[in-house]
Amino acid sequence: MDDDGAIRLRRVVGKLARQLNSLATGEGLTPSQASVLGLIVARGPISLAELTSLEGLNPTMLSRVIGRLQAMELISRTPDPADLRSASVASTPAGQRVDQEIKARRAAAVAKNLAQLTDGQVRALTEALPALEALAEAMREPPG
């Protein structure tokens, strides 16, 4: 892919991310809060250290996000008895419901808009998914 293709890819991925992230705000969550909640629902209970690594947020920002999710009673936080500086978090039933609502709203928006594309365009997107997933994983790794 040449530089122009890379720029187009970055723009379209960013635009799609912003559009999908906006669907989380209906639940009173920021995109970061919705993303962290989704990880906790999918992988919890999970340590804060692992969550920091997976989400790519700095510890201060993650602490704020965790505090907000806990205040909204969407997650519970459990200190590690062996190391009181460390803790793990898990979703509550309310957190699982909110996460499912966000995912359902996002899936419905994607499905509605996919229906406006041609069969060939949908097939091309489907065939590109493994490459896009590999790109996302490669971008998590530090360049080297």
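E73 sits in the loop that links α4 to β2 (75-80), where helices (H or I, at least four residues) and strands (E, at least two) are DSSP runs numbered from the N terminus. Although E73 is not a glycine, its phi is positive, at about 60°. The residue is also exposed, with a relative accessible area of 58%; here buried stands for under 20% relative accessible area, exposed for over 50%, and partly exposed for the range in between (1.4 Å probe, protein chains only). Accessible areas come from the Shrake-Rupley method with a 1.4 Å probe, and for residues only the protein chains shown count as cover.

A word on the model itself: it is predicted, so local features need pLDDT of at least 70 and side-chain atom pairs count only at pLDDT 80 or more, while totals for chains, interfaces and linings use all residues. Residues are numbered from 1 along each chain as its sequence is written, and side-chain values use heavy atoms, with hydrogens and water left out.

Turning to the overall fold, the chain contains 6 helices and 3 strands, arranged along the sequence as α-α-β-α-α-β-β-α-α. Along the principal axes, its C-alpha atoms fill a box of roughly 55 × 40 × 20 Å. Of the 144 residues in the chain, 20% are buried. The peptide bond joining G44 and P45 is cis, with omega at about -10°.

The interior comes next. In soluble globular proteins, nonpolar side chains tend to be buried together. The largest nonpolar core of this model has 22 residues, of which L29, V36, I40, L51, I66, L69 and V89 touch the most other members. Contributions of at least two residues each come from α2 (31-43), α3 (48-55), α4 (59-71), β3 (83-91) and α5 (93-114), and α2 gives the largest share, 5 residues. A core of this kind is a set of buried Ala, Val, Leu, Ile, Met, Phe, Trp, Tyr and Cys residues joined through side-chain atoms within 4.5 Å.

L51 belongs to helix α3 and counts as buried, at 0% relative accessibility. Between the C-alpha atoms of L51 and R11, which lie 40 residues apart along the chain, the separation is 27 Å. L69, in helix α4, is buried with a relative accessible area of 0%. Its C-alpha atom is 12 Å from that of L39, 30 residues away along the chain.

Charge pairing is next. Side chains of opposite charge can pair when their charged atoms come close. The structure holds 1 salt bridge, a term that requires a side-chain nitrogen of Lys or Arg within 4 Å of a carboxyl oxygen of Asp or Glu. K103 and D99 form this contact, with their closest N and O atoms 2.6 Å apart. Because K103 and D99 are 4 residues apart in helix α5, about one helical turn separates them. K103 is partly exposed, with a relative accessible area of 39%, whereas D99 is buried, at 3%.

The surface carries patches of two kinds. Patches are built from residues with over 30% relative accessible area and no salt bridge, joining like charges within 9 Å and nonpolar side chains (Val, Leu, Ile, Met, Phe, Trp, Tyr) within 5 Å. One patch, of positive charge, gathers R10, R11, K15 and R18.

A nonpolar patch of about 280 Å² is formed by V110, L114, L117 and L125. L114, one of its members, lies in helix α5 and is partly exposed, with a relative accessible area of 32%.

Conventions. Lys, Arg positive; Asp, Glu negative; His and termini not counted. Charge placed at Lys NZ, Arg CZ, Asp CG, Glu CD.
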